[in-house]
Amino acid sequence: MAGGNGKNKLVAALLALFLGGFGVHHFYLGSTMAGVICIAATWLTCGVGGILPFIEFIMLLLMSEADFDAKYNQRTPESMEFVFTKPK
């Protein structure tokens with residue numbers, strides 16, 4: 001953990017795996033609007049929207065510590081920033 005926010009990659013990945021349909025990993029990472037969209041997608045598609053958080057779980061696990069720190073600990077993410085989007 002290089003940055004001041006102290007977000008942990010493994011915690012974010014586990015939240016995406018177990019509570020991703022509720023967007024909890026996005027709220028943890030600071031992307032609140034993305035979390036709301038995850039909730040809406042899961043609810044509107046009767047659970048099928050839960051596939052996206054599973055993909056984000058895999059992407060978080062494969063992301064290097066340096067990339068994770070640069071994206072989530074050394075800056076504040078945009079509210080609509082998903083794991084698979086590049087930071088502005």
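This is a predicted model: local features need pLDDT of at least 70, side-chain atom pairs count only at pLDDT 80 or more; totals for chains, interfaces and linings use all residues.
Residues are numbered from 1 along each chain as its sequence is written, and side-chain values use heavy atoms, with hydrogens and water left out. Local features need pLDDT of at least 70 and side-chain atom pairs pLDDT 80 or more, while totals for chains, interfaces and linings use all residues.

Take the helix pair to begin with. Helix 1 (residues 9-19) and helix 4 (residues 51-62) have axes that come within 8 Å and cross at roughly 160 degrees. Helices here are DSSP runs (H or I, at least four residues), numbered from the N terminus; axes are lines fitted to C-alpha atoms over the stretch in contact, with angles from 0 to 180 degrees between N-to-C directions. Helix 1 and helix 4 are therefore roughly antiparallel, a label for angles over 145 degrees. On the helix 1 side, Lys9, Ala12, Ala13, Ala16 and Leu17 meet Pro53, Phe54, Phe57, Leu60 and Leu61 of helix 4 (contact means heavy atoms within 4.5 Å). Sorted by class, that contact has nine nonpolar residues, no polar ones and one charged.

Now for the pocket. Lining the largest one are Met59, Met63, Asp67, Ala70, Lys71, Val83, Phe84, Thr85, Lys86 and Pro87. A pocket is an open set of points on a 1 Å grid where a 1.4 Å probe fits, with protein on both sides within 12 Å along at least five of seven lines, and lining residues have an atom within 4 Å of a point. Helix 5 (residues 65-73) gives the most to this lining, with three residues.

Note on methods. Helices (H or I, at least four residues) and strands (E, at least two) are DSSP runs, numbered from the N terminus. Angles under 35 degrees count as roughly parallel, over 145 as roughly antiparallel, 65 to 115 as roughly perpendicular and the rest as oblique. Ala, Val, Leu, Ile, Met, Phe, Trp, Tyr, Cys and Pro count as nonpolar, Asp, Glu, Lys and Arg as charged, and the others, Gly among them, as polar.
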